[in-house]
Amino acid sequence: MAEGQDSSADKSEEPTAKRLQKSREEGQIPRSKELNTMAILISGAVGLLMFGENLGMALKSVMLHSFSFPREVLFDIGQMGLFLGHSFSEVVWSMAPFLTILLVASILGPVGLGGWLFSTKALAPKFSRLNPVEGIKRMFALKSLVELVKSIAKVGVVVTVALLMLNAYTAELLAVGAESVIPAMGHALDILVWIVFWLACSMVVIAVVDVPFQLYDHNKKLKMTKQEVKDEYKDTEGKPEVKQKIRQLQMEMAQRRMMQDVPQADVVITNPTHFSVALKYDGDTMAAPVVLAKGGDEIALKIREIANEHKIEIVQAPPLARSIYYNSEVGDEIPSGLYVAVAQILAYIFQLRRYRSGANPKPQMPDFPIPDDLKHD
């Protein structure tokens with residue numbers, strides 16, 4: 001498919017594992033700003049509820065310590081430095097738990113969707129983003145429309161929750177006016193923290209909508225055309241013609257090695273024309289006869305030619321040749337069900353050699369027994 005034809009409408013295939021991994025390496029993962037904002041705001045509100053009182057008392061202590069000191073301290077630079085250091089230390093230690101909660105939230109918020117990722121490729125400048133035409137397209141894209149809707153929804157949700165909170169706390173807020181200054185300040189701060197908490201919780205509604213959309217949008221960007229899937233499969237698995245050529249070369253190498261072993265055979269059993277099987281048996285090193293070579297048609301003919309060149313006995317036993325050919329591989333021992341038949345072949349070869357030397361009468365070709373489950377027509 002031509003590049004110009006690869007429109008987004010053609011991308012109907014789900015992204016492959018390789019495509020997903022590549023996009024991750026390039027820093028392209030789903031992220032939700034609303035999820036991050038929600039995590040930080042709610043964590044901050046919870047931190048204020050947990051540590052707000054201690055933080056307020058610490059700040060009160062710092063204020064009292066900073067503005068209540070003897071007059072002579074004003075003229076002693078060293079003393080002023082000590083006062084400043086004490087105030088700074090107390091503020092830092094009092095704010096440390098609250099700031100720690102915000103730090104953890106700022107890390108876990110982004111990691112919550114897409115996981116942990118650090119990619120230098122994502123930091124690299126992309127000059128394509130400076131293209132004004134592409135910028136205009138992004139302005140009117142679906143994602144921009146969704147961002148606009150989210151912004152309007154956020155304002156609407158926050159305003160709605162704020163009005164509900166004001167309505168819920170109206171009585172308490174009015175009661176603050178009847179209290180003395182110090183209790184009124186504490187009461188007002190308590191109400192304010194809870195209102196902030198519920199306003200932060202309102203972001204859950206936006207995050208619940210935004211997270212699925214970010215997953216959908218990310219998946220949509222990574223979708224592939226059928227041609228892209230085929231091309232990736234070829235790149236990953238190799239082109240079929242190349243794989244076929246490799247298999248052909250491997251078969252040729254295996255056949256050459258196999259042919260080199262034929263001269264070591266004790267006997268070659270033939271079909272007589274379609275199959276040839278070369279066997280070797282050494283009672284001192286082998287538990288059973290081993291198949292050195294096997295083949296059909298042209299390979300079978302080549303095995304017989306090599307056997308003739310090296311004066312290896314060739315026995316025509318079609319049922320046994322077919323049985324060994326179909327039930328064993330080169331380098332394997334023959335099946336146990338063929339032990340008797342192959343033993344008779346080897347005994348026949350031994351008798352035939354003695355006959356040719358004039359020591360025995362001419363032996364008769366035995367009837368080789370083959371189990372029914374090993375027979376092949």
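At 47% relative accessibility, E14 counts as partly exposed, where buried means under 20% relative accessible area, exposed over 50%, and partly exposed in between (1.4 Å probe, protein chains only). Before we go on, note that this is a predicted model, in which local features need pLDDT of at least 70 and side-chain atom pairs count only at pLDDT 80 or more, while totals for chains, interfaces and linings use all residues. Residues are numbered from 1 along each chain as its sequence is written, and side-chain values use heavy atoms, with hydrogens and water left out.

So what does E14 pair with? Its partner is K223, and the two form a salt bridge with the closest N and O atoms 3.7 Å apart. The pair links distant parts of the chain, 209 residues apart: K223 sits in the loop between α8 and α9 (226-237), and E14 in the segment before α1 (17-25). K223 is partly exposed too, with a relative accessible area of 22%. Here a salt bridge is a side-chain nitrogen of Lys or Arg within 4 Å of a carboxyl oxygen of Asp or Glu. Side chains of opposite charge can pair when their charged atoms come close. By this rule the structure has five salt bridges.

Another of these joins E329 and K294, whose closest N and O atoms are 3.8 Å apart. E329 lies in the loop between α12 and α13 and K294 in strand β3, so this pair ties together parts that are 35 residues apart in sequence. E329 is partly exposed at 49%, whereas K294 counts as buried at 14%. Then there's D372 with K375, which meet at 3.4 Å, N to O. D372 is exposed, with a relative accessible area of 65%, and K375 is partly exposed at 46%.

Now step back to the whole chain. It has 13 helices and four strands, where helices (H or I, at least four residues) and strands (E, at least two) are DSSP runs, numbered from the N terminus. Of its 377 residues, 28% count as buried. The accessible surface comes to about 24,500 Å², and 63% of that belongs to carbon and sulfur atoms; such areas come from the Shrake-Rupley method with a 1.4 Å probe, and for residues only the protein chains shown count as cover.

Next, find helix α5 (residues 142-168), which packs with helix α7 (residues 181-201) at an angle of about 150°, their axes 9 Å apart. On the α5 side the contact is made by V158, V161, A162 and M165, and on the α7 side by I195, W198 and L199. (Contact means heavy atoms within 4.5 Å; axes are lines fitted to C-alpha atoms, for helices over the stretch in contact, and angles run from 0 to 180 degrees between N-to-C directions.)

Helix α5 also gives five residues, the largest share, to a nonpolar patch. On the surface, L142, L145, L148, V149, I152 and Y216 form this patch, with about 600 Å² of accessible area together. Patches are made of residues with over 30% relative accessible area and no salt bridge, with like charges joined within 9 Å and nonpolar side chains (Val, Leu, Ile, Met, Phe, Trp, Tyr) within 5 Å. Y216 lies in helix α8 (residues 203-222) and is partly exposed at 47%.

Last, look at helix α12 (residues 318-327), whose buried residues are L320, A321, R322, S323 and I324. They pack against β1, β2, β3 (290-296) and α13 (339-356).
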